[in-house]
Amino acid sequence: MVRAQGISLLCEPSDVKPELDIIFIHGFTGHPRLTWTLDKKKAEKRRKANNDAPNREVPNSGQAAGVYWPEDLVPTTLPSARVMTFGYDTKIRHFSQGQISKNTVQDHARELLEQLRDKRLPDAKGSRPLVFIAHSLGGLVVREALSLASQHQNDQASTSRYEDVFRSTVAIMFFGTPHRGADPRSFFHRILSGFALRLGVDVNAHIVDALMPNVNNLQKQLSLDDFKTLAAQRGWIVYTFQEEYGVSSLFSRKVVEDHSSRLGPPVNETPRRISDNHMDMCRFYGLKDPEYEKVASCLQEILKEIRRPTASQIHKPSPATQTQTAHITLEEFSLVNAHGDASAKSFTQTSNQPRQLTAPSPHPASLPVTASVTDSGDGSQAELDLRRKLVQSLKFDRLGARSMNIEATYGDTCQWFLSKQEYLEWQKPGRHSPSSWFLWIKGKPGTGKSTLIKYLHSTRQPEGSTSIVLSFFFNARGSQLEHTTVGCYRGLLFALLDGREELWPSLDHLGSTGSDYLLKGNWTVAPLTQTLTRAIQLAHGQAIEIWIDALDECGEDEVRKMVSFFEDLADLADTRDIDLKICFSSRHYPSVTSRKGVDVVLELQPNHEEDIARYIEAKLHIGTAQTEEIKTELLRKCSGIFLWVVLVVGMLNREYARGHVLALRKRLDEIPSDLHAVFEKVLANDEGDSEEVVLFFQLLLGARKPLEPAELFVAIQRAKEPQAPLQLWNTDNPPMSPTALQRWNDVGRKDRLPGTLH
């Protein structure tokens, strides 16, 4: 009798000692018997289509209800196998039929481990090889179960609760498992449509999210990456069976597409095609069913591997055995996408030897390690040196330069933000409301966003604080890394890892080949985001803040992907109970938004207007009967744009200094309220050295990188005096002191060219 839930023993050899255990796990809305049973009519139809004789090899009792191949066929294929099936509740029910199970995939996985432990320990004594055969969602349950067993295996306790399951697993057969989710228009999505819900159908949202793509993407990808690393380390035999046909109700589309049903490198995986659809791909009419013959061949291959002499050494692997693991080529490494999927096009094996069943990894699955390097686990000096080199390779020239060049706040401006409700909610420990996910400060160009971010960031590391505070300030006028997400991720990761050796294991997933590639300056988004995610997980227990300024100074497509990554990272942090806070600042993006947190529009804040009024009061040096009127007009006309006020106050002060007292109001009226128009007016005036203005802009636009003051001075002097010696600047005997050089630079950039660098 097959029970709907729990493990049912189907058969075991009566005359010999069992050589292996096989456990079947059904999928979404499945059943431990029905999922694997081909009904009598379909079995007969298929048999006749293949011109096969009647199923004499299947017992009559099985024929009456159809062919239940775990019980009817497997004992003939593997007479020495003990066969079990596991049932769990993922049924969809009408509200009138009672409640649905609220268990998550993790809950079902843990129950599978517990029941396997109960069934195996009394007689197997931890020595009988174990094979999992799973359909659809069942494959995700198996993955999660083995990951949990791995974590327990690496606990500090002398014995692991699930040691037997972990050590004994030798092979897994996946039938149509959606490792990367099912297509959104698939069977699962239709069941969960609003139409079904309106009919009173109730579903388990946790299970649904595990099946659907584009839900908790980052968490899913990390789980998959961790499992692939674990499977490669252990040398598990993996067969992936993929559906060949779609289903008519989906316009002949497959339920699980091929890219989702394959694990991919570095797993030693053998893909096979089953000539049926998703629901019937795990149902066969008999031993001569061509599709079952594929499965039987794989089962027999597994048994051969188990019987190899090296398999008896599973608890005593040789060093050579430990190193026979799969590698990812450089081509694959560079093709990995932002969420970690690797192309399977160029997967290669480092050895042509048969697959070996290796010893347990010294690392838990939650802390991924490379599958391409022999892992001594001893923290060797060579390993530390490689990690240190990788950390230093993240650093680049001018990292932090933009932040240093942002002027400090004037007086006590910006301090009001520290008591703003949205900010107080965001900076509280833990998550209390949507605003505790993201804080996004937005504003028009020139409102003072960068100044505010720099000020707020400076207040977030009080003495004695254990919080980790990271920041990056985009700079459109800087080098390439200063205005791309690659530079942003490198800057954040360097700040996180530099001086924190306890987080360096987050680099180990890169492997030796990947590390060599990256040390040549080939960092890309994929390895950066993967490593950043792992490092943040390792920093569990410490509050982490990420401050990113001026998103608008990076390409919009890059920013959109980056915001999506940080949203996924926030989801992951929430599930792992990691206190992660993220603050962005940018101009108003019409198409880049976040589904989490709150926005604060700077120019609409009353306190921001008060800051501007305070600046005008302190910096406007005029003394006429119109002073108060001019101050009021300045405040009205600026529309919250701080930089406009800075430029115009400077203009009015110069007019006043030249004695144009009566023309001040007229001059103010002539100044446009649009910031860009003010820039045009500044550039159109005939003040100062127009030749130098032209030279300045030619150098600014033509330079391959931002020019240092000395470089700018030499370039301008050389252009003005072509006959001057080429080596104009001698560091041992410079033509002017550092102080004079800085004064020349400030005068040229602020007085003669006010505001142009903004």
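Colleague: What should I know before I start?

Modeller: This is a predicted model, where local features need pLDDT of at least 70 and side-chain atom pairs count only at pLDDT 80 or more, while totals for chains, interfaces and linings use all residues. Residues are numbered from 1 along each chain as its sequence is written, and side-chain values use heavy atoms, with hydrogens and water left out.

Colleague: How many helices and strands does the chain have?

Modeller: Helices (H or I, at least four residues) and strands (E, at least two) are DSSP runs, numbered from the N terminus. Here the chain has 31 helices and 16 strands.

Colleague: What share of the residues is buried?

Modeller: Buried means under 20% relative accessible area, exposed over 50%, and partly exposed in between, with a 1.4 Å probe and protein chains only. Of the 758 residues in this chain, 52% are buried. As for contacts (heavy atoms within 4.5 Å), 79% of those with a separation of 6 or more join residues 24 or more positions apart.

Colleague: Which residues of α16 are buried?

Modeller: In α16, the buried residues are Glu383, Arg387, Leu390, Val391 and Ser393. Seen down the axis, they fall within an arc of 165 degrees, so they line one face of α16; the arc is that of the directions from the helix axis to the C-beta atoms. Gln381, Ala382 and Lys389 are exposed on the other side of α16. The cover over the buried residues of α16 includes α20 (485-497) and α21 (511-519).

Colleague: At what angle do α20 and α22 pack?

Modeller: Axes are lines fitted to C-alpha atoms, for helices over the stretch in contact, and angles run from 0 to 180 degrees between N-to-C directions. α20 and helix α22 (residues 525-538) pack at about 30 degrees, with their axes 10 Å apart. That makes α20 roughly parallel to α22, since angles under 35 degrees count as roughly parallel, over 145 as roughly antiparallel, 65 to 115 as roughly perpendicular and the rest as oblique. The contact includes Tyr489 and Leu493 of α20 and Leu528 and Leu532 of α22.

Colleague: Is the crossing of α20 and α22 left-handed or right-handed?

Modeller: A crossing is left-handed if the near helix is turned anticlockwise from the far one by less than a right angle, and right-handed if clockwise. α20 and α22 cross in a left-handed way, whereas α24 passes α26 in a right-handed crossing. The axes of helix α24 (residues 606-619) and helix α26 (residues 642-657) come within 11 Å and cross at roughly 15 degrees, and α24 and α26 are therefore roughly parallel. Among the residues that meet are Ile612 and Tyr615 in α24 and Val645 and Val649 in α26.

Colleague: Which loop holds Arg398?

Modeller: Arg398 is in the loop between α16 and α17 (401-405). Arg398 has a positive phi of about 70 degrees although it is not a glycine, and at 26% relative accessibility it counts as partly exposed. Cys414 counts as buried, at 10% relative accessibility.
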